[in-house]
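Q: Could you take a close look at one part of this structure, and walk me through it as someone who has not seen it before?

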Amino acid sequence: MRKWSVESWSLAGVAAILVLLSALGALTCREMMQARTAATAVDTAHERLIQLEQRRSGYLRAGGAAAAEAGIDALIGAEQAVLARAKLAAAQQNTRERMALGALLVTMLALLSFILLRVRSLTLSRQSTHAQLQGSEARYREIVDTMQEGIWITDAGGRIVFANRRMTELIGCALPDLIGQPVNAFMPEVALQCCCPLYRGGDVSPRDQQYQRADGKTAWALVAGRLRCDADGAVCGALVMMTDITERKLAEQALGIAHTELENRIRLRTAELVDANLLLRDEIDEREAAQRALAHSEKRLQEIISMMPLALFLKDAESRIVLMNEACEQQWGMRFADLQGKGGHGFFPPEQMDGFLADDRAAFASGRLQVGEELVWNALLQESRLVQCYKKPLYDDAGQPMLLIAMSVDITNRKRDEEALQQSLLQLRELSDHQQTIKEEERKRIALDIHDDLGQNLMALKIDVSMLHARTGGTHPRLNQQVGRALETIDTTIKSVRAIINDLHPSTLELGLCAAVEWLLKQFERRSAIRYELFILDDSANATLDNRQTAAIFRVIQESLANILRHAAASAVEVSLNLNAQWVTIVIADNGIGIQPGDHGKAASYGLKSITERISALGGELVIDSRKDSGTALTILMPVVATAAPPPGAPRLSQAG
């Protein structure tokens with residue numbers, strides 16, 4: 001059965017009173033007619049009585065018969081009785097007439113009082129509805145200014161009539177510089193053809209758009225928009241919503257270099273917001289129109305909130321959920337109907353609830369926007385997801401906590417991708433170190449094979465040729481001369497073989513790092529004419545370094561010297577070794593031209609990159625100090641026992657230069 005509203009009951013009461021008033025009016029008219037009829041009957045009876053009195057007086061003056069006089073007296077008595085009854089009926093009728101008039105007046109007064117009370121009630125209700133509408137608009141503006149999406153609204157001519165705070169940050173202009181300006185003053189025509197509904201002639205679905213800020217920087221945004229129409233359906237402007245995705249684009253580019261994709265898709269839907277203020281013809285129509293405008297505004301606000309791709313939820317001062325959008329329901333795996341008016345106990349783990357309440361209290365206490373990361377249980381996925389949460393507190397006129405506006409972004413996949421990237425880099429570094437180790441072992445094996453096989457064969461050949469040279473000295477001069485030249489060739493070949501063996505795996509490595517570095521510097525000075533100085537500050541760990549560490553450090557110094565020879569244009573090199581029981585510190589400095597701007601970005605500049613990777617594989621750290629025309633200094637710090645990274649408390653080197 002359909003229930004009647006208060007307005008329906010009020011109209012029914014007014015109709016009933018009008019019907020009663022009509023009935024009382026009709027009854028009053030009838031009583032007045034009957035009263036006039038009764039008065040006419042009294043006047044008629046009185047006239048007949050007067051006529052009979054006149055006739056009796058005539059008979060008395062004429063001395064008429066006694067019988068005629070007696071008949072007239074009887075008629076007079078009858079008429080007097082009729083007159084008495086008529087007067088009684090007239091009096092009763094007058095009484096009923098006055099009662100009917102009284103009832104009519106009372107009913108009219110009651111109707112007038114009801115109408116006045118109803119008018120006052122409608123006036124108060126209209127004022128309350130207007131106040132609620134203003135409060136809803138204020139909350140909407142606060143939410144719009146707190147949103148991480150930029151919004152601007154234009155008129156039909158393409159001039160900006162509204163922009164929120166986030167939009168000014170995205171464009172890079174102050175709000176007064178935006179309002180009243182055409183949109184093509186901030187974006188080129190080509191970009192507007194893609195992202196502005198006025199230029200496209202229709203709604204714009206979410207799409208990535210590159211644009212240039214007012215400060216000249218290039219940025220990316222996820223843009224969507226729709227046309228705004230008036231009540232007649234004519235286009236009156238456009239609404240455009242922009243979400244800054246510059247960091248996402250940069251992250252995608254970085255992950256593309258590392259052969260990893262970052263799944264961070266953001267869907268954004270928009271809704272237009274129109275404030276409708278209608279002129280009402282009477283107080284009831286005004287109240288209904290205000291209620292419709294309030295309901296319409298709240299509905300559009302709910303649409304904007306529900307279509308936001310970011311999770312949005314509101315809490316009261318007691319941390320009870322008062323609003324959730326669809327993105328928040330998906331992020332938590334729970335419906336708003338189940339959480340409305342509740343704090344979340346029984347839905348989230350106790351340790352998470354303690355963290356939520358502590359963060360809410362901290363946000364209310366600070367009075368500022370709070371940003372932090374939280375673990376949130378997803379009931380649908382049955383797992384805890386890592387989210388980045390933004391919380392903005394609101395206060396009432398007395399300064400007491402009233403509302404907490406919160407938005408959260410699920411960063412679980414991003415964190416997992418970052419961890420996967422780090423794991424991939426670690427595996428690549430381990431693979432590179434393993435390849436270097438295998439390469440060093442292979443060099444050592446080849447050097448030993450050359451020494452054992454080719455070296456011995458050459459030595460045996462030299463001995464045979466030397467004996468032949470000695471025997472032919474007196475008997476075959478020409479043969480002796482040819483054998484001498486062959487002996488010189490063999491000596492040159494032996495030197496070349498020794499050089500190859502030393503390049504593959506110097507035998508001085510078996511004597512320790514210090515001896516190997518000193519031999520390397522001597523060879524470097526002999527080949528390049530660059531003088532060197534070697535400082536050994538401490539060699540207590542020289543004997544404790546294993547073959548892998550010794551070979552790796554030797555190759556790093558060898559690569560550094562090769563870089564100095566190729567690029568530094570130096571005339572002197574200084575190398576210091578500090579090998580204590582826990583840490584190895586190596587400093588390689590030259591007096592060359594230094595590292596020039598852009599050298600790190602050259603495609604073929606793999607020297608420093610390979611040095612950095614080899615040191616990182618040993619758990620060490622490389623610091624480069626380079627100044628133009630002042631030379632370059634490489635400082636290497638690594639533990640004696642190789643680890644993936646320096647342990648807590650280990651000395652750290654700061655980047656210089």
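A: Helices here are DSSP runs of H or I with at least four residues, just as strands are runs of E with at least two, and they are numbered from the N terminus. The model is a predicted one, in which local features need pLDDT of at least 70 and side-chain atom pairs count only at pLDDT 80 or more, while totals for chains, interfaces and linings use all residues. Residues are numbered from 1 along each chain as its sequence is written, and side-chain values use heavy atoms, with hydrogens and water left out.

Helix H15 itself covers residues 547–568, which makes 22 residues, and from its first C-alpha to its last it reaches 30 Å. That is close to the 32 Å expected at 1.5 Å a residue, where the expected span is 1.5 Å times one less than the number of residues.

Alanine 552 has its C-alpha atom 7.2 Å from that of arginine 614, although 62 residues separate the two along the chain. Arginine 614 belongs to helix H16, which runs over residues 607–617. Is arginine 614 buried or exposed? Arginine 614 counts as buried because its relative accessibility is 17%, and buried means under 20% relative accessible area, with exposed set at over 50% and partly exposed in between (1.4 Å probe, protein chains only).

For contrast in topic, methionine 459 lies in helix H12, residues 412–471, and counts as partly exposed because its relative accessibility is 36%.
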